[in-house]
Amino acid sequence: MQANLAQLKSDLVHHYRWLRQYGCNDSHSGNASFRWHDEVWVTPTGCCADTLLVDDLVVCHMDGTMGEGASLDAPLHIEVYRHNAKAGAVFHSHGPHAIAFTFAGDDFVPIDFEGQYYFPIVPVITIPYDRYIELSPSAVAEKLAGYKVAIVRGHGVYAYGETINLAYKWSCSVESSAKVAWLNNTTLRGS
């Protein structure tokens, strides 16, 4: 059964809020979107996950037309949908463990069973801070055309899914895998 637009909007708000509740975002970080035909519904720029409402979502279009107040990452989301016909939703989160593994610039390789099963390698993309808005749409979209998840070095996780729930799942799963790797490294250093 295919969800209608109202249900998808409600689902996006709930899943985006859960990223905050489970430690993958702070109160005002990250963003999320879903594709509805030639529309892209995205969280507004600077929104608070705790107070986000369905009516706050901003409609953009696949032709690049941005709705007023759309997330600064809206062009990136649109570019992901353009590069990957399977993408139905995109989430951007700031899981601290996943980000911590990116500072060396190496791709993140999960060591846990689920991580290896879902994404045996998570590419890390280096984008200069002062050129992020300009370069991130194509850089992230190109990686997400071949991977479920990519991490911008020192910044955050981008995940796509065929559904809102899958994009959310990959966002949470990569953070969980990074937490396991972090705990493993801490244990090994302590022995």
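A nonpolar core, as I use the term, is a set of buried Ala, Val, Leu, Ile, Met, Phe, Trp, Tyr and Cys residues joined through side-chain atoms within 4.5 Å. Keep that in mind. The model on screen is predicted.

Start with the largest nonpolar core. It has 23 residues. Five of them touch the most other members: Cys 60, Val 80, Val 140, Leu 144 and Tyr 158. Several elements each supply at least two residues: strand 2, strand 3, helix 2, helix 5, strand 6 and strand 7. Which element gives the most to this core? Helix 2 does, with five residues. As a general point, nonpolar side chains in soluble globular proteins tend to be buried together.

Take Val 140 as one example. Leaving out residues up to four places away in sequence, Val 140 touches Leu 76, Val 80, Ile 125, Val 152 and Tyr 158.

Now helix 2 itself, residues 74-83. Is it mostly covered or mostly open? Mostly covered: seven of its 10 residues are buried. Those are Ala 74, Leu 76, His 77, Ile 78, Glu 79, Val 80 and Tyr 81. Note that His 77 and Glu 79 are in that list. What covers the buried residues? The cover includes strand 1, strand 2, strand 3, strand 4, helix 5 and strand 7.

On to strand 1, residues 31-36. Five of its six residues are buried. Strand 1 has strand 4 as an antiparallel partner, with four bridges joining them. Within that pairing, Phe 34 has Ala 89 as its bridge partner. Strand 1 also pairs with strand 2, again antiparallel, over four bridges. There, Arg 35 stands opposite Val 40. Strand 1 and strand 2 form a hairpin with two residues between the strands. His 37 in this hairpin takes a positive phi, near 55°.

Next, strand 4, residues 89-93. Val 90 lies in this strand. Why do I call Val 90 buried? Because its relative accessible area is 0%, and the cut-off for buried is under 20%. Look at what surrounds Val 90. Not counting residues up to four places away in sequence, Val 90 touches Asn 31, Ala 32, Ser 33, His 77, Val 80, Tyr 81, Ala 159, Tyr 160 and Ala 167. Now compare sequence with space. Val 90 and Thr 102 are 12 residues apart along the chain, and their C-alpha atoms are 20 Å apart.

His 61 makes another such pair. This residue sits in strand 3. His 61 and Asp 38 are 23 residues apart along the chain, yet their C-alpha atoms are separated by 5.8 Å. Leaving aside neighbours within four places in sequence, His 61 is in contact with Asp 38, Glu 39, Val 40 and Ile 78. His 61 counts as partly exposed, because its relative accessible area is 27%.

Last, the surface. Which residues form a nonpolar patch there? Val 109, Ile 121 and Tyr 147 do, with about 230 Å² of accessible area together. Ile 121 is in the loop between helix 4 and strand 5. Its relative accessible area is 32%, so Ile 121 is partly exposed.

Val 109, Ile 121 and Tyr 147 form their nonpolar patch on the surface.

Note on methods. Residues numbered from 1 in each chain as written. Predicted model: local features only at pLDDT ≥ 70, side-chain atom pairs only at ≥ 80, totals over all residues. Heavy atoms only, no water. Patch = residues over 30% accessible without salt bridge, like charges linked within 9 Å, V, L, I, M, F, W, Y side chains within 5 Å. Areas by Shrake-Rupley, 256 points an atom, 1.4 Å probe, with all protein chains shown as cover. Salt bridge = Lys/Arg side-chain N within 4 Å of Asp/Glu carboxyl O. Buried < 20%, exposed > 50% of the residue type's maximum accessible area, 1.4 Å probe, protein only. Contact = heavy atoms within 4.5 Å. Pairing = 2+ DSSP bridges.
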